[in-house]
Amino acid sequence: MMEMTSMIRSASVGISRLLIRDEFQRKQVVVSCHNAKAAVSRLRGTATGFNMFAPTKESLRNVFPIDEFYRGNALYGIGGVLRKYAGYKSKLPVCVEHGLYFGDYVEKNVVDGALPGIVTFSEHRRRAISAVSGRDAMPVGPYLQYAEPFLSPDQFRQAKKKLGKTLLVFPAHSIEEANENRSDATLLSQAIEDLEDALHFDSVLVCFYYNDFLQGRKFAARQPVTTVCAGHRFDPQFLSRLKSLISLADYTVSDDVGTHVGYCVSMKKPHSIIVSDERKKTLEIAPEVGEIAKAFTKIGPLDESQRAVADEYWGLSLMRSPEYLHEYFESCNLKLGGHRR
């Protein structure tokens, strides 16, 4: 089923490229189609009042219009976060890599040249993009650092007082095109129990990706857990909510390598990655993923080796100023043709 869905999506993208040869125009059509679907969803009523501590399926509908040249920039609210931080009022004239990628994989939508700039996490990734595509990219470090917390200081204090010492859990998430459960609930439940025995938490928060929550996936552990969610992937507040959730945690854990690992480290939160023996075999043939997983197998505070790995893949030591990003975006905007601004 996963392969069939992926094939259908690839075929649709291929057909759209045949019909619309200009990649910039094709990106605009994709954004227009997305906004039309979101408008239809809003006819059922705007999903207001989303509560990240008590998500509902109704509140996770995609009702969010996109004001970007490239739809991918709106994922997780990244484009909006960067625009606000940089004080940049126009649509971003760049393609943002929205997650952590490895090796020679690049999304064609990002490197197709329709937009003159590319934004990514690290120098490591910049070199990979250049080697594969011949195009340069701007590394800016973890996008989470540019987001404002969703909770106000008073709201944060109240939530922290209620939660006490908190463990935040990130189950491996599915992808929309497949809906395949990638998380090992049994393994992760045992890991939570081991962490509770070692570190004695008052609360356990399990952060489900919106698609897994919509699929009705549950999580059981010896200690009662609270299901939380940062929102739909096109919710402009996603990164801000995630920042507040990670800020509330005293320790974080997951059962796979993902963008969340670097985000947790950027917030100075210890992280452990728990993987099965079968998964370890897979990691042996994926050197970069294996390097990250190996660095975070231990339980305990962050150490320098973990920070070094996070710096390599997430650009942990990078933090661009608002003026720097604004200048970069403006220089890319000037490279666009007049009809494309």
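Trainee: What span should helix H2 have, and how far apart are its end C-alpha atoms?

Mentor: This is a predicted model, and in it H2 covers residues 23-42. At 1.5 Å a residue, those 20 residues should span 28 Å, and the end C-alpha atoms are 29 Å apart, which agrees.

Trainee: Which residues of H2 are buried?

Mentor: Glu 23, Phe 24, Arg 26, Lys 27, Val 31, His 34, Ala 38 and Ser 41. Looking down the helix axis, these buried residues fall within an arc of 165°, so they line one face of H2.

Trainee: Why would residues three or four places apart point the same way?

Mentor: An α-helix has 3.6 residues a turn, so residues at that spacing point the same way.

Trainee: And at the start of H2, what does the side chain of Asp 22 reach?

Mentor: The backbone nitrogen of Phe 24, with a side-chain oxygen of Asp 22 coming to within 2.9 Å.

Trainee: Back to Lys 27. What does it form a salt bridge with?

Mentor: Asp 112, and the closest N and O atoms are 2.5 Å apart. Lys 27 sits in H2, while Asp 112 is in the loop between helix H4 (108-111) and strand E2 (117-120), so the pair ties together parts that are 85 residues apart in sequence.

Trainee: Are those two buried or partly exposed?

Mentor: One of each. Lys 27 counts as buried at 4% relative accessibility, whereas Asp 112 is partly exposed, at 21%.

Trainee: How many salt bridges does a search of the whole structure find?

Mentor: It finds 17. Another one of them pairs Glu 68 with Arg 83, at 3.0 Å from N to O. Glu 68 is in the loop between H2 and helix H3 (78-86) and Arg 83 is in H3 itself, 15 residues apart. Both Glu 68 and Arg 83 are buried.

Trainee: What about Asp 303, which residue does it pair with?

Mentor: Lys 298, with the closest N and O atoms 3.9 Å apart. Asp 303 is partly exposed at 23% relative accessibility, and Lys 298 is partly exposed too, at 31%.

Trainee: Last topic, Trp 314. Where is its place?

Mentor: Trp 314 belongs to helix H13 (residues 304-314). With a relative accessible area of 0%, Trp 314 is buried.

Trainee: What does Trp 314 touch?

Mentor: Leaving out residues up to four places away in sequence, its contacts include Leu 100, Phe 121, Pro 142, Val 261 and Ile 292. Gly 141 is another of the residues Trp 314 touches; their C-alpha atoms are separated by 5.6 Å, though the two are 173 residues apart along the chain.

Trainee: Which backbone oxygen does the Trp 314 side chain reach?

Mentor: That of Thr 259, at 3.3 Å.

Note on methods. Residues are numbered from 1 along each chain as its sequence is written. This is a predicted model: local features need pLDDT of at least 70, side-chain atom pairs count only at pLDDT 80 or more; totals for chains, interfaces and linings use all residues. Side-chain values use heavy atoms; hydrogens and water are left out. Helices (H or I, at least four residues) and strands (E, at least two) are DSSP runs, numbered from the N terminus. The expected span of a helix is 1.5 Å times one less than its number of residues. Buried means under 20% relative accessible area, exposed over 50%, partly exposed in between (1.4 Å probe, protein chains only). The arc is that of the directions from the helix axis to the C-beta atoms. A polar contact is a pair of N or O atoms within 3.5 Å; within protein, one must be able to donate a hydrogen and the other to accept it, and residues adjacent in sequence count only if both atoms are side-chain atoms. A salt bridge is a side-chain nitrogen of Lys or Arg within 4 Å of a carboxyl oxygen of Asp or Glu. Contact means heavy atoms within 4.5 Å.
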